[in-house]
Amino acid sequence: QLTDKFVLALRKAGLNDHSCNSYLRAVRAILNWSWEQGFLPAAIKVKGVRSSKPLPAVFSQQQLKDLRQHLEEGWHETKRRRFLVLLRTFWFLRYTGMRGGELLHLEWRFVYADRIELRSSREWKIKGRRDSILPIAVRLQEFIQSQDIQGEKFVLDNGRGKPLYSSLGDLTKSMRKALQKCGIENAKPLHSFRSTVATELLAGENSNPVQVQKLLRHQSIQTTMSYLNSDHLQQVDLVNQLGNSPQNTVSKKKSEESSKPS
């Protein structure tokens, strides 16, 4: 009964099932230690919360391609700053897995040729308040080199030394509109990039969950492993086989043979 009341209080405080279980594990550790030391007359069993983990949204390769092309065309055709900033958002989130808030406050002076330094400031604190260094992928490096950043301070600059978006919510709304233009629904506009990075890295042949954890800066390896959405990847591979059935292959061969000169 006390456990149920404790979980209810945690949920009222806005904690999800994963966080509730973290607190329950701490309580379990204290009670077990107290019993072993003789401070409790009997062992007390503390059950964890049975969480229903939703699959994290992951962009497909085609969705990423469509979104990038949409933003590139919008920038080249209109020269509206919004398209340029969203295009930068795409590249940085796609190839680093950083959080949207981290990118919103990222200044160009912390973007080097081989790394990105995430630093807290008086106005804003990194989650966990731990400064971090992220490596830069070759593709991202090439994109950064193509940018004209004269007069800019922030990566998502308005062109006059200030962020184009005043809040993370505004950036999220703008990216959601771009996704909808590409027919992409039911995906978190910014966090889905992080989910995609995590899923791709964990599903790789030389996957190293600990290194992925360090890149994404998760406190718990369980959080990192929750992004291993193998079902999604298998479904993507499955639908990519459509149109390549044996029957179609045979028909294609017959067509090729009939077209050959006798």
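Here is a quick tour of this protein chain, from its overall layout down to a few single residues.

This is a predicted model, where local features need pLDDT of at least 70, side-chain atom pairs count only at pLDDT 80 or more, and totals for chains, interfaces and linings use all residues. Residues are numbered from 1 along each chain as its sequence is written, and side-chain values use heavy atoms, with hydrogens and water left out.

**The overall layout**

The protein chain has 12 helices and two strands; helices (H or I, at least four residues) and strands (E, at least two) are DSSP runs, numbered from the N terminus. Going along the sequence, the pattern reads α-α-α-α-α-β-β-α-α-α-α-α-α-α.

Of the 262 residues, 35% count as buried. Buried means under 20% relative accessible area, exposed over 50%, and partly exposed in between (1.4 Å probe, protein chains only). The accessible surface comes to about 17200 Å², and 50% of that belongs to carbon and sulfur atoms; the areas come from the Shrake-Rupley method with a 1.4 Å probe, and for residues only the protein chains shown count as cover.

What about contacts, meaning heavy atoms within 4.5 Å? Among those between residues at least 6 apart in sequence, 56% join residues at least 24 apart.

**The cores**

In soluble globular proteins, nonpolar side chains tend to be buried together. A nonpolar core here is a set of buried Ala, Val, Leu, Ile, Met, Phe, Trp, Tyr and Cys residues joined through side-chain atoms within 4.5 Å. The largest one has 43 residues, and Leu-67, Phe-92, Leu-106 and Ile-116 have the most contacts inside it. Elements giving two or more residues to this core include α3 (61–78), β1 (115–118) and α7 (168–181). Which element gives the most? That is α4, with nine residues. Apart from this core lies another, of six residues, among them Val-7, Leu-24, Val-46 and Val-49.

| Residue | Relative accessible area |
|---|---|
| Gln-213 | 16%, buried |
| Ser-195 | 1%, buried |

Gln-213 sits in helix α9 (residues 209–216). Not counting residues up to four places away in sequence, Gln-213 touches His-218, Gln-219, Ser-220, Ile-221 and Thr-224.

Ser-195 belongs to helix α8 (residues 191–202). The C-alpha atoms of Ser-195 and Gly-97 are separated by 7.8 Å, though the two residues are 98 residues apart along the chain.

Note on methods: Contact means heavy atoms within 4.5 Å.
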